[in-house]
Amino acid sequence: MPRRKIRAHYEHMSEFETGRAIGLKEAGWSNRLIAEHLCRSDAAIRRCWQKWVNNGKREDRAIVRMAVAAPESTLSTIQRVTGTQVFKMTINRRLRERNLRARRPLRCLPLAPVHRQVGTQWCRERSTWNCADWGRIVFSNEYRFLLCPDDRRKRVWRRPGQRVDPGLTVEHHTGPQQGVMVWGDISFDSRIPLVVIPGTLTAQRYVDDILRPVMLPFLSHHPGLTFQQDNARPHTARVTMDCLQSCRTLPWPARSPDLSPIEHIWDVMGRRLQPSQNVEYLARQLVTIWQEIPQHTIRNLYQSMTRWEAACIQANFLRGRRIKVQVRPQDLPYDTIIQRIKLHLESKKKVIPQLCRFLKRIQQEGESISEYLRELKH
């Protein structure tokens, strides 16, 4: 005799029963046990669980889509816009599961399209450089350290109501502050002692106090090195250019301090600074920290130059818009031409003697590289 069909199987599940089914499912019960316990069919329990899973996935996608579309939005904003009923900590956890974490944004200079184009072209022309090529560059720059710096990195543990506790606050001056300007340069194997600059750096002081007594003797004792400096006013003055005629210099794109590894050294020094009462103690502390920085830290920065250049090219030079930079073959250095053709021949599994034949044709006929690469494809 067939079993009598239970009327509860045909009734809609209430919200209370749905919650019980989901709770039992999360506790590890099977669909059959939950159906017998709630006097429901297996299909109803399965549909209830599947609907819960799909709604959760849809909610997660909305949260992630909001965080990606508006990176500056807070957890409260995401909760309000998406209309989710979960707590803010749950939203934070779900974003962390998708590898989205709240970070301080990278600070960079505002760049015009011309700056982005020149910077991208500069990186592309040196895209084939390796660590040995960058090791022949001497990076230099000056930096001003303040007596009371505030990089907004410090955090304190405090309880509610302790925000204005004097022991948990950081004093910060709003007006001009006293500080010390220093100049230094780094190379792959050594560095020059830090130079403390009194007052304002002018072109004449730059030549008399830094280039002639410090930089030029260093370059004369290390032949083959190339000197790098940015486009600050004292660096591009006529008296500075006349002083640097006897040494090789690296052309530098405008408004691109992030390309220089010495900027990271200034950041390392700023993190190690202790509170100073006067500028004399700050200057002595900077000289000591400069000497204590291990050389392998500088070498790691040199080794990261190739990766940083590739990242700048991929981002079109520091978050720039996509600008098509056309570099003519005749404008490239000869070593770059050789390297590109060699890489292409290796990718096509050609023999190296063909490289010499193509290079001779380039020198004799002066044709473009693209024509020869087109021939290699056939």
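Strands 2 and 3 run antiparallel and are joined by three bridges. They belong to an open five-strand sheet with the order 3-2-1-4-5 and mixed pairing. Strands pair when DSSP finds at least two bridges between them. Strands (E, at least two residues) and helices (H or I, at least four) are DSSP runs, numbered from the N terminus.

This is a predicted model: local features need pLDDT of at least 70, side-chain atom pairs count only at pLDDT 80 or more, and totals for chains, interfaces and linings use all residues. Residues are numbered from 1 along each chain as its sequence is written, and side-chain values use heavy atoms, with hydrogens and water left out.

- The edge strands are strand 3 (195-197) and strand 5 (249-250), each pairing on one side only.
- Strand 1 (residues 137-146) and strand 2 (residues 179-186) run antiparallel, joined by eight bridges.
- Strand 1 runs parallel to strand 4 (residues 226-228), with three bridges between them.
- One of the partners here is Thr226 in strand 4, bridged to Ile137.
- Strand 1 is largely enclosed by the rest of the structure, because seven of its 10 residues are buried. Buried means under 20% relative accessible area, exposed over 50%, and partly exposed in between (1.4 Å probe, protein chains only).

- Helix 12 lies across strand 1, strand 2 and strand 3, at about 15 degrees to strand 2.
- Axes are lines fitted to C-alpha atoms, for helices over the stretch in contact; angles run from 0 to 180 degrees between N-to-C directions.
- Glu292 is part of helix 12 (residues 279-292). Glu292 counts as exposed because its relative accessibility is 53%.
- The C-alpha atoms of Glu292 and Met269 are separated by 9.9 Å, and the two residues are 23 apart along the chain.

**Nonpolar cores**

- The largest nonpolar core has 31 residues. Phe139, Ile186, Ile265, Trp266, Met269 and Leu286 have the most contacts inside it.
- Helix 6, strand 1, strand 2, helix 11 (262-272), helix 12, helix 13 (295-303) and helix 14 (305-314) each supply at least two residues of this core.
- Helix 12 gives the largest share, five residues.
- A second, separate core has 19 residues, including Ile192, Val195, Tyr206 and Leu225.
- A nonpolar core is a set of buried Ala, Val, Leu, Ile, Met, Phe, Trp, Tyr and Cys residues joined through side-chain atoms within 4.5 Å.
- Leu286 is in contact (heavy atoms within 4.5 Å) with Phe145, Val180, Val182, Leu194, Met269 and Leu273, leaving aside its neighbours within four places in sequence.

**Helix 6**

- Helix 6 (residues 113-125) has 13 residues and should span 18 Å at 1.5 Å a residue. Its end C-alpha atoms are 18 Å apart, which agrees. The expected span is 1.5 Å times one less than the number of residues.
- Its buried residues are Arg116, Gly119, Thr120, Trp122, Cys123 and Glu125.

**Cysteines**

- The disulfide count is zero, with a disulfide taken as a pair of cysteine sulfur atoms within 2.5 Å.
- The closest cysteine sulfur to that of Cys312 is in Cys123, 4.9 Å away and too far for a bond.
- Cys312 is buried, with a relative accessible area of 3%.
- Cys48 also counts as buried, at 11% relative accessibility.
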